[in-house]
Amino acid sequence: DVEILNWSQIHHSLDRARQVLRKKAPRIVGISMLHANRLGALRIARLVKEVDPKTTVVVGGVGATFLWRHLLLNFQDIDFVLTGEAEYSFLELARLLERGDEEGVGKIKGIAMRKNGVPSLVPQAPPIQDLDSLPDPARFFKFHHVVSSRGCPWACTFCGSPRFWGRRLRFHSPRYFVDQLEVLHNKGISHFLVSDDTFTFKKDRVIQICQEITKRGLAITWQAISRVSHVDQEILYWMRKAGCIQISYGVESGSPEIRRRLNKRLRQEDIERAFSLTRSYGIMPRAYFIYGSPGETKKSIMESVDLIRKIKPLSAIFYILDIFPGTQLYDEFKKRSGLNDDIWLQPLEDIMYFQTDPRLTAEMVLEFGKMLREAFYGGLPEFAQALELVDKEELYPLHADFLSRLGLTFSHGDYSQNPLVPRPQETAERLFLRALHYHPDHRAYLGLGILYQKRGAHQETVRLLEEAICHHPQSEELHMCLAVSHMNLGQISRAIELLQRFPGSREATQYLAHCYSTLGLQDKARECLNRLAQWEE
């Protein structure tokens, strides 16, 4: 009898957590522990034991796996740590606890526990080879993050994934993965984040997944993580056809020397090629950059700035290099500093590399981040202007979707309010117009109409949206936007005609009340207001 609770914010309401624990009276509480949520996980473990000391507390996940000895030595509220992949070991633990078989518990593969007060670890079982043998969680839960494979063949110094999952990749079958997407889509999920370390590692399999998504007609969008050396035109074509709208690439640095120190083995030509191809197929390429790395200088940051200008990413995330247990960087840090895992007895979420390197200061690293962000955000209008999309007619509607989606980011999304982005509204307008060149895209019409309205060009808005409604006659949003422009032009009767097409709409009813009031039809205006009041009740 299992229940999963999202208690990521429970530290704001420990009384509520206490009430839930008393009401449910669980025999076992399992807690997923990352590094960033470590303190919250420990707080929950303590709370569980306060409510009922007999409840068994088990922690697992990447944060627990690499600190199992530290946790058992210092936190008596934790009874067991399950290291690595724990689907089968947790099931076995529950069965043995139910039977009271303490001797059997001590033989579970991958379990860490206290024996005579001393932390002890049983070696992990081999990684699960047949991932399809695992029950599909989509049968029981709703979620956006999905995974089609486990493992990473590379060994970046800052990443714990290879040590946790293994260097050899293991895959769900295309059918299992798409079945999961379909089940979740039927539950109302329409956008997915594919969390594989390198989704495109196996080309034929990726294409099979994409073809199966299109064959089933799943109206979904999704984003994935890849590696610049593992994409080509055929993969990108099928990914775009299947609804992929963004691919994230770990570039990390424009400096070959910094990449070498991070063991990020990438060729410059592969980086440039991957970003150019991804853009050309109407998929947003997002770049991950790391700064404050070993050997970082202003010169290496300028190499990253130069790379940004070459590859023209349309999205980017900039991280200060962190040191986490389970990584090569962490092992080197412990040797260099003479410290051990007891450092995590402090209320830390992470250790920033620059704090351990006397050649770097906080001021330097902040300046590095400023240089990178200014280069990226300042160049975005140029990056958007330079877009060249492949001339494949079957992709025209998808090109329009891509351009209008990007346009909305400039007109209403993250880039619209960022002071480092120059001329966001102008860039948005160009993108919306380019989208309409490819296809009568709903989002492009609406975004352009709102831009015209903002600058008071209501006649222009009316001409545009009358055309839009011919293509999208059922769109409430287009009708509302068009009605607003007619109202601003004093064409109240036309506005009423448009609004009356949506009798069940609160927004339309609000506008109708205003229109009727303007015409002096107070009875009709009151009728609209009464209807709104009833809906509120």
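Me: Where does Ala25 sit?

Reply: Ala25 is in the loop between α1 (14-24) and β1 (28-32). Helices (H or I, at least four residues) and strands (E, at least two) are DSSP runs, numbered from the N terminus. Ala25 also has a positive phi of about 45°, although it is not a glycine.

Me: What kind of model is this, and how are residues numbered?

Reply: This is a predicted model, where local features need pLDDT of at least 70, side-chain atom pairs count only at pLDDT 80 or more, and totals for chains, interfaces and linings use all residues. Residues are numbered from 1 along each chain as its sequence is written, and side-chain values use heavy atoms, with hydrogens and water left out.

Me: OK, big picture. How many helices and strands are in the chain?

Reply: The chain has 23 helices and 15 strands. Its C-alpha atoms fill a box of roughly 85 × 60 × 50 Å, taken along the principal axes. Of its 537 residues, 50% count as buried.

Me: And which share of the contacts is between residues 24 or more positions apart?

Reply: Those pairs make up 67% of the chain's contacts with a separation of 6 or more. Contact here means heavy atoms within 4.5 Å.

Me: Back to phi. What about Lys312?

Reply: Lys312 has a phi near 50°, a positive value in a residue other than glycine. Lys312 is in the loop between α13 (298-311) and β13 (315-320), and it is buried, with a relative accessible area of 18%.

Me: Let's do a helix. What span should α5 have?

Reply: Helix α5 covers residues 87-99, and at 1.5 Å a residue its 13 residues should span 18 Å. The expected span is 1.5 Å times one less than the number of residues. The end C-alpha atoms of α5 are 19 Å apart, which agrees.

Me: Which residues of α5 are buried?

Reply: Ser89, Leu93 and Leu96. Seen down the axis of α5, its buried residues fall within an arc of 75°, so they line one face of the helix. The arc is that of the directions from the helix axis to the C-beta atoms.

Me: Why would residues a few places apart point the same way?

Reply: An α-helix has 3.6 residues a turn, so residues three or four places apart point the same way.

Me: What do the buried ones in α5 pack against?

Reply: They pack against β2 (56-60), β3 (80-82), α6 (102-105) and β4 (111-115). The face of α5 turned away from the buried side carries the exposed residues Glu98 and Arg99. After α5 comes Gly100, whose phi is positive, near 75°.

Me: New topic: α17. Which residues there are buried?

Reply: Pro424, Thr427, Ala428, Glu429, Leu431, Phe432, Ala435 and Tyr438 are the buried residues of α17. They pack against α15 (362-385), α16 (396-411) and α18 (442-454).

Me: At what angle do α17 and α18 pack?

Reply: About 140°, with their axes 9 Å apart. That makes α17 oblique to α18. Axes are lines fitted to C-alpha atoms, for helices over the stretch in contact, and angles run from 0 to 180 degrees between N-to-C directions. Angles under 35 degrees count as roughly parallel, over 145 as roughly antiparallel, 65 to 115 as roughly perpendicular, and the rest as oblique.

Me: And what about α18 and α19?

Reply: Helix α19 (residues 458-471) packs with α18 at an angle of about 165°, with the axes 9 Å apart. α18 and α19 are therefore roughly antiparallel to each other. On the α18 side, the residues making the contact include Tyr445 and Leu448, and on the α19 side they include Leu464 and Ala468.

Me: Last one: is Pro503 buried or exposed?

Reply: Pro503 is exposed, with a relative accessible area of 57%. Pro503 lies in the loop between α21 (492-499) and α22 (506-518). Leaving aside neighbours within four places in sequence, Pro503 is in contact with Thr509, Arg531 and Trp535.

Key
Buried means under 20% relative accessible area, exposed over 50%, partly exposed in between (1.4 Å probe, protein chains only).
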